[in-house]
Amino acid sequence: MNSIWTESADLPHFPTLKGNQKTDVLIIGGGIAGILCAHFLQEKGVDYALLEGRTIGSGITKNTTAKITAQHGLIYHKLWKSGGAEQAALYFKANQEAVETYAALCREIDCDFERKTAYVYSLDNRRKLEKEAKALSKIGLHQQILETTELPFSVAGAIALEGQAQFHPLKFLAAIARNLNIYEHSFVRERKKNAVVTEAGSMAFQKVIYTTHFPIDNTHGMYFLKLYQHRSYTIALKNAAKFKGMYVDEAKCGMSFRNAGDLLLIGGGDHRTGKKGGNWRELRDFAAKYYPTAEEVAFWATQDCMSLDSVPYIGPYSKHMDHCFVATGFHKWGMTSAMTAARILTDLVLEKENPYETVFSPSRSMIKPQLVWNGCESAKNLLTISSKRCPHLGCALKWNPLEHSWDCPCHGSRFDEEGKLLDNPANGDRKQDEKGGSVQ
């Protein structure tokens with residue numbers, strides 16, 4: 001169940017943190033967001049260190065579909081309606097700058113970087129596309145609704161955004177991480193005021209950046225209410241279609257498409273973690289219908305942190321945590337969001353203003369219907385009788401027979417059959433016996 005990226009990349013390895021050390025800026029988390037933060041801090045001559053609990057790129061980054069785009073579904077009508085044209089324009093500029101920054105970096109990196117047009121389509125709701133086109137026009141992007149696409153089924157329409165891209169995320173990560181100050185297999189067990197403790201050492205710091213996918217400090221920021229997690233699935237097909245563009249359905253649980261070399265990647269089957277959904281079955285049924293002669297060569301799943309308003313949380317962790325910063329809630333658009341986060345957080349660490357920091361501020365108002373839903377979901381699961389509990393905040397775990405894991409419907413932590421942590425925000429295995437081994 002490995003992605004095509006893990007099978008075709010040679011990642012560098014780094015030492016484990018040992019003894020007591022110190023740095024000016026500590027980065028916790030070695031996915032693409034953390035690695036990019038380290039890259040830009042090193043460019044600026046900042047003293048930093050990055051701690052990764054496993055190996056770099058071994059979490060969500062290795063399972064992305066790796067689209068680099070400022071087109072995040074039908075986001076711009078939502079932003080225009082809630083915050084006006086200026087808010088929508090700033091969001092677009094931040095993400096398009098991220099695309100261009102990747103393009104500049106990839107000139108020197110062999111990572112299958114390709115410019116592509118990104119399309120968002122709707123199966124049955126043209127009105128939604130009309131609203132999005134209107135919002136795009138308000139920020140200077142005059143888009144026509146296309147009547148037909150390369151897709152093998154009819155659509156109500158699609159909107160195209162040119163000048164986007166796709167790449168091989170782990171080839172990119174391998175190149176950019178090679179000379180950075182990274183420690184692998186250095187899982188943060190405990191955080192003190194200005195230091196963290198790992199299994200074999202500690203790291204003192206002046207400032208800290210959390211790029212751990214889901215923030216691991218529960219005492220501040222209310223991220224356990226401001227975030228929830230979605231699982232989604234991908235299959236890679238040989239002898240299927242060759243698309244010129246990248247496609248995504250505007251529907252929350254719709255499908256996405258892109259090519260990678262001679263393979264077609266189909267994503268979808270989404271559901272909230274701990275709930276039921278279409279998973280790979282939905283994708284395979286689709287492939288059997290539209291590409292009956294294709295051969296499936298790989299399949300994998302990933303998990304995304306979803307914010308309450310579809311915009312990531314990037315900036316100060318909480319007003320009660322001085323010199324602490326966070327990047328999370330990428331809402332299925334991790335590649336551009338990671339680059340945007342690295343640019344914003346580098347400026348904040350250097351105490352420079354960034355033109356986009358207010359758009360992504362974690363302290364913005366989050367009085368949204370989803371906030372109530374998240375709270376109710378947590379309360380319901382806390383009251384559920386079950387011997388399998390999540391060590392994060394005590395929610396009842398649900399068995400996932402497809403992936404053979406225990407999943408938390410509240411906040412998305414996942415554990416294997418033996419109780420070993422697969423996905424955070426839990427900061428350790430599900431349960432430990434007296435000898436330190438996992439038990440059910």
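How many bridges join strand S20 to S21, and in which sense do the two strands run? Strand S20, made of residues 414-416, is joined to S21 by 2 bridges, and the two run antiparallel. One place to look for this pairing is Arg414, which stands opposite Asp423 in S21. Keep in mind, as you explore, that this is a predicted model.

These two strands belong to an open sheet of 4 strands, arranged in the order S18-S19-S20-S21 with antiparallel pairing. Its edges are strand S18 (398-400) and strand S21 (421-423), each of which pairs on one side only. Neighbouring strands in this sheet are turned by 35° against each other on average, direction ignored.

## The protein as a whole

Stepping back, the protein contains 9 helices and 21 strands. Its C-alpha trace spans about 60 × 50 × 45 Å along the principal axes. For 440 residues, a compact globule would have a radius of gyration near 22 Å, and the 21 Å of this protein agrees with that.

Of the 440 residues, 59% count as buried. The protein exposes about 18900 Å², and carbon and sulfur atoms supply 51% of this area. Among contacts with a separation of 6 or more, 71% come from residues 24 or more positions apart.

Is S10 largely enclosed or largely open? Of its 10 residues, 8 are buried, so S10 is largely enclosed by the rest of the structure.

Several strands pair with S10.

Strand S9 (residues 195-197) pairs with S10 in the antiparallel sense over 3 bridges. The two form a hairpin with 3 residues between them, and Val197 stands opposite Ser202. Strand S1, for its part, is also joined to strand S2 (residues 48-51) by 4 bridges, running parallel. In that pairing, Leu26 has Ala49 in S2 as its bridge partner.

## Aromatic rings

The count of aromatic pairs comes to 22. One of them joins Tyr76 and Tyr91 edge-to-face, with 5.9 Å centre to centre and 70° between the planes. Tyr76 has a relative accessible area of 2%, so this residue counts as buried. Tyr91 is buried as well, at 1% relative accessibility.

Another pair, Trp399 and Trp406, is tilted: the centres are 5.2 Å apart, with 55° between the planes. How accessible are these two residues, and what does each count as? Trp399 has a relative accessible area of 36% and is partly exposed, whereas Trp406, at 16%, is buried because the cut-off for buried is under 20%.

Ring pairs also build a cluster, linking Tyr119, Tyr121, Phe153, Phe243, Tyr247, Phe257, Phe286, Tyr290 and Tyr291.

Technical notes. Residues numbered from 1 in each chain as written. Predicted model: local features only at pLDDT ≥ 70, side-chain atom pairs only at ≥ 80, totals over all residues. Heavy atoms only, no water. Pairing = 2+ DSSP bridges. Axes fitted to C-alpha atoms, helices over the stretch in contact; angles between N-to-C directions. Rg over C-alpha atoms; globule rule 2.2 N^0.38 Å. Buried < 20%, exposed > 50% of the residue type's maximum accessible area, 1.4 Å probe, protein only. Contact = heavy atoms within 4.5 Å. Areas by Shrake-Rupley, 256 points an atom, 1.4 Å probe, with all protein chains shown as cover. Phe/Tyr/Trp six-rings, centres within 6.5 Å; stacked < 30°, edge-to-face > 60°.
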